Amino acid sequence: MNAKLAKYMFKRLGMALLTIFLVIVITFFTMHAIPANPFSSSTGRAISEDILKAMEAKYGFDQPVHIQFVRYLGGVLRFDFGPSISVTGSTVYDLIKGGISYSARIGFSGAAIAIILGIFLGVIAALNRGRWIDKTVQVITTALVSMPSFVMATLLLLVFGKYLRWFNTIGSQAGGLVLPTVALSLYPMAYITRLERSSMLDVLGQDYIRTARAKGLPEYKVVFKHALKNALSPVITYAGPMMAYLLTGSMVVESIFLVPGLGQRFIKSMSSFDYMMTMGVTIFLAIIIVLLNFLCDILNKVMDPRIDLG
């Protein structure tokens, strides 16, 4: 590792930590600015003043906001997001840990499908520019990009769940994660296909590709050894935001397929005014997304040394 790359990594890491801190600050003070009381709102009925004071003392809500923030920040550094208000006897971390197993499987499986199929279809379309294969791929990907994930999820549920009965439509059952995974992967797969096609066409027109072909190298070596490596840079750059889309977009899809993941936890916490759970899930997802973007930036530089580190 050269000094310039190390400096870039520390710079990006510092920006990532600053971003996470700002997310914690904004999330904490925004949630505490909401006028609704989490205790009476979560139960749906009014409670006495004495019980309300006792509950606020139990969760530390009777302290000044700045003291609450310092305590909460210290807890977050230990991955302690506090107790859940709506789920008695459970901590936010335990609930997140239970839900992330489902959300991670959907998110990372969807990412793998999107990246593999997207790159494959993008390369095929680029190598067959102007032919029927290229036109077919462009029509399909345009349609998928234009369709929101919740519409695709509903369509898959009706066709493959209700009518054909090929897969379970409840996420906690065997095979129940197949349809939500596919529903989430289709949009990024289509976007990556279009991105890779454009990048591949640009690379195939470069002088060094013409030189490689003039030297008599087999076409598969020209494509996979020289062209594909340099054409992957936009895909790697998109991988970070894609994971953000898959993790946050899964919230609606999880609700459609009744997946007991982070999305369902988050929606329930919002409806029950569980401040601690809402803050915990938001900050946890922000940490994952920021770190993934950091890793993608580093990987992008390693894959393409021509990138200016600045």
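This is a predicted model: local features need pLDDT of at least 70, side-chain atom pairs count only at pLDDT 80 or more; totals for chains, interfaces and linings use all residues.
Helix 5 passes helix 8 in a right-handed crossing. The residues where helix 5 meets helix 8 divide into 19 nonpolar, seven polar and two charged.

**Helix 5 against helix 8**

- The two helices, helix 5 and helix 8, pack at an angle of about 35°, and their axes are 6 Å apart.
- Helix 5 covers residues 92-127 and helix 8 covers 178-204.

**Helix 6 and its two sides**

- Helix 6 runs over residues 132-146, which makes 15 residues.
- From its first C-alpha to its last, helix 6 reaches 21 Å, close to the 21 Å expected at 1.5 Å a residue.
- Four names to look for on the buried side of helix 6 are Asp 134, Val 137, Thr 141 and Leu 144.
- Looking down the axis of helix 6, you would find these buried residues within an arc of 100°, so they line one face of the helix.
- Turned away from that buried side is a face of helix 6 with the exposed residues Trp 132, Lys 135, Val 139 and Ser 146.
- The cover over the buried residues of helix 6 includes helix 5, helix 7 (149-163) and helix 8.

**Leu 144, a buried residue of helix 6**

- Leu 144 sits in helix 6, and because its relative accessible area is 13%, under the 20% cut-off, Leu 144 is buried.
- Neighbours within four places in sequence aside, Leu 144 is in contact with Met 152, Leu 186, Tyr 187, Met 189 and Ala 190.
- Leu 144 and Tyr 191 are 47 residues apart in sequence, and their C-alpha atoms are 8.5 Å apart in space.

**Gly 82, in a loop**

- You will find Gly 82 in the loop between helix 4 (65-77) and helix 5.
- Gly 82 counts as buried, at 13% relative accessibility.
- Apart from neighbours within four places in sequence, Gly 82 is in contact with Thr 91, Val 92 and Met 276.
- Between Gly 82 and Gly 280 there are 8.2 Å in space, C-alpha to C-alpha, although the two are 198 residues apart in sequence.

**Ser 103, in helix 5**

- Ser 103 belongs to helix 5 and counts as buried, with a relative accessibility of 3%.
- Not counting residues up to four places away in sequence, Ser 103 touches Glu 254, Gly 261, Leu 262 and Gly 263.

Definitions and conventions:
Residues are numbered from 1 along each chain as its sequence is written. Side-chain values use heavy atoms; hydrogens and water are left out. The expected span of a helix is 1.5 Å times one less than its number of residues. Buried means under 20% relative accessible area, exposed over 50%, partly exposed in between (1.4 Å probe, protein chains only). The arc is that of the directions from the helix axis to the C-beta atoms. Contact means heavy atoms within 4.5 Å. Axes are lines fitted to C-alpha atoms, for helices over the stretch in contact, and angles run from 0 to 180 degrees between N-to-C directions. A crossing is left-handed if the near helix is turned anticlockwise from the far one by less than a right angle, and right-handed if clockwise. Ala, Val, Leu, Ile, Met, Phe, Trp, Tyr, Cys and Pro count as nonpolar, Asp, Glu, Lys and Arg as charged, and the others, Gly among them, as polar.
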